[in-house]
Amino acid sequence: KAVAQRKRHHICVGHSASATIEILPRTLRTFQRTNPHVRVELRVMSTEDMLRSLRCGDLDVALLVYGSPEDFQGLCVKVLGTYQLRVAAPKKHRFARLREVPISEVANQPIIAFSRQGYTWYHAMLAKLFLPYTRSFKIVEECDNFQSLMAAVEAGRGVTIVYEIMSRTAGDRLVLRPLKPAPQPPPIVIAYRPEAISPT
């Protein structure tokens, strides 16, 4: 709104580096075409930090994973897209030889996860995913970013669950395989405060 009224010429956007690897560049290109004089400041943040920063006004908008409705109370949310979930494993792991990996087998592996402190939605997703197969899946390591997560999996410490789009970042370092049965993935959304609604 401040930009639309020419009081401010920049907006601050929080985003998840891994989940928005494809959506963010596409969104920025479209925004810059229609708003060429607005500077966009990007901040890579955890989900919890983005939600806090949105509410206190440090961020104008955030692109993040939609965990639970409770997390987004009081915010406007629009779905931007979804990506299928995959299990990521080291290249020499037995999962690399499978075309699809049963979730029941993943549930019995050591799991590398995003940190519980910054990504509560991720832990809730894992619990829901593995519930039909085990109540006590084993998280052996927690990472606060995707680069650390990849390194831990590549080192053979365990496997992880990620979006299929992560293959662009993982390259040939890891093997990503579809899960069986295919779970419903949480969507990537854009979130902002209701009072921030404006054409810009």
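Guide: Start with one term: a polar contact is a pair of N or O atoms within 3.5 Å, where one must be able to donate a hydrogen and the other to accept it. Keep in mind that this is a predicted model.

Visitor: What makes Asn145 a cap of the N-terminal end of H5?
Guide: A side-chain oxygen of Asn145 lies 3.2 Å from the backbone nitrogen of Gln147. The limit is 3.5 Å.

Visitor: Which residues of helix H5 are buried?
Guide: Helix H5 covers residues 146-154, and its buried residues are Phe146, Leu149, Met150, Ala152 and Val153.

Visitor: How do you know that the buried residues line one face of H5?
Guide: Look down the axis of H5: the buried residues fall within an arc of 165°, so they line one face of the helix. An α-helix has 3.6 residues a turn, so residues three or four places apart point the same way.

Visitor: What do the buried residues of H5 pack against?
Guide: Their partners include strands E5 (85-90), E7 (110-114) and E8 (138-143). Strands E9 (160-163) and E10 (174-180) are also on the list, and so is helix H6 (167-170).

Visitor: And what follows H5?
Guide: Gly156 does, with a positive phi, near 90°.

Visitor: Let us turn to a strand. Why is Arg86 called buried?
Guide: Arg86 lies in strand E5. Its relative accessible area is 17%. Buried means under 20%, so Arg86 qualifies.

Visitor: Which residues does Arg86 touch, leaving aside those up to four places away in sequence?
Guide: Among them are Thr160, Ile161 and Val162. Leu176, Arg177, Pro178 and Leu179 are touched too. Glu164 is another.

Visitor: What makes the pairing of Arg86 with Glu164 a polar contact?
Guide: The two side chains make the contact at 3.3 Å.

Visitor: Now the whole chain. How many helices and strands does it have?
Guide: Six helices and 11 strands. Of its 200 residues, 48% count as buried.

Visitor: How do you know that the chain agrees with a compact globule?
Guide: With 200 residues, such a globule would have a radius of gyration near 16 Å. The chain has 18 Å, which agrees. Its C-alpha atoms fill a box of roughly 60 × 35 × 25 Å along the principal axes.

Conventions. Residues numbered from 1 in each chain as written. Predicted model: local features only at pLDDT ≥ 70, side-chain atom pairs only at ≥ 80, totals over all residues. Heavy atoms only, no water. Buried < 20%, exposed > 50% of the residue type's maximum accessible area, 1.4 Å probe, protein only. Helix = DSSP H or I, 4+ residues; strand = E, 2+ residues; numbered from the N terminus. Arc of directions from axis to C-beta. Contact = heavy atoms within 4.5 Å. Rg over C-alpha atoms; globule rule 2.2 N^0.38 Å.
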